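I opened this notebook to record what I looked up in the structure. The entries follow in the order in which I made them.

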Amino acid sequence: MKRLWKDVGVEQADEGWAIRLDGRPMKTPARAALIVPSESLAEAIALEWRAVGETIDPRAMPQTGLANAAIDRVKPDRQAFAGGLASYAEADLACYRAEGPAGLLEQQQEAWGALLAWARRRYDIDFSTTSGLMHVAQPAGTVDRLGHAVSALDSFHLAGLSPLVTIGGSLVAALAVLEKAIAPGQAWVAVSIDDRWQLEQWGSDDEAEAALENRKRDFLAAARFLELLD
């Protein structure tokens with residue numbers, strides 16, 4: 001799609017903030033009105049559209065993409081979407097430790113142990129942890145309380161939370177970012193321990209490094225989306 005507009009503006013609407021291209025209200029891919037809940041997010045989306053060159057590159061417009069997802073994908077069945085994210089509580093990355101080597105295990109225990117300790121305090125829950133890849137069942141109360149925390153979120157917060165959960169593999173880390181208990185960069189370091197360890201042990205791999213960098217970019221963009229909702 002080529003750039004066919006000159007001016008990008010933001011204005012308050014009945015249900016939030018709207019972005020306009022040459023005075024015309026923007027629409028989502030499903031043709032719904034693109035109205036977001038905060039002026040900060042609307043301005044960030046407008047900035048992405050102002051920065052477009054001759055053609056649109058969706059990869060350079062993460063805030064627009066997440067806003068579209070909130071309206072087109074999440075809002076029509078918010079509870080079902082929340083349920084999919086809540087299911088990560090049953091097999092959270094932070095509960096599965098390596099059997100070795102010692103250096104990797106030490107990093108996991110330090111970063112993931114801190115995340116689980118925060119969640120224990122925040123939600124009054126406990127976790128079962130294990131070494132290796134065999135599934136370990138979590139207490140029913142843990143799954144229920146984390147699920148309730150997710151289901152209470154609105155469509156925009158769910159849209160922002162989703163990449164944090166799916167990219168990082170940890171619902172606990174995603175909720176910690178959402179509640180500002182951990183900085184997004186620190187959360188990324190925690191959820192990418194295994195990948196970075198493998199790269200360090202096996203040497204440089206351009207394709208693997210690029211893939212990890214793309215995941216980091218999307219993870220941090222989602223965290224920024226959540227910040228802009230406040």
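How many residues does helix 10 have, and how far does helix 10 reach from its first C-alpha to its last? I found 23 residues and a reach of 33 Å, close to the 33 Å expected at 1.5 Å a residue (the expected span is 1.5 Å times one less than the number of residues). Helices here are DSSP runs of H or I with at least four residues, numbered from the N terminus.

The model is predicted: local features need pLDDT of at least 70, side-chain atom pairs count only at pLDDT 80 or more, and totals for chains, interfaces and linings use all residues. Residues are numbered from 1 along each chain as its sequence is written, and side-chain values use heavy atoms, with hydrogens and water left out.

I next looked up burial (under 20% relative accessible area, 1.4 Å probe, protein chains only). In helix 10, the buried residues include Leu212, Phe219, Phe225 and Leu228. Their cover includes helix 1 (39-50), helix 6 (155-168) and helix 7.

Beyond its neighbours within four places in sequence, Leu146 is in contact with residues including Tyr123, Phe127 and Leu175.

Definitions and conventions: Contact = heavy atoms within 4.5 Å. Helix = DSSP H or I, 4+ residues; strand = E, 2+ residues; numbered from the N terminus. Buried < 20%, exposed > 50% of the residue type's maximum accessible area, 1.4 Å probe, protein only.
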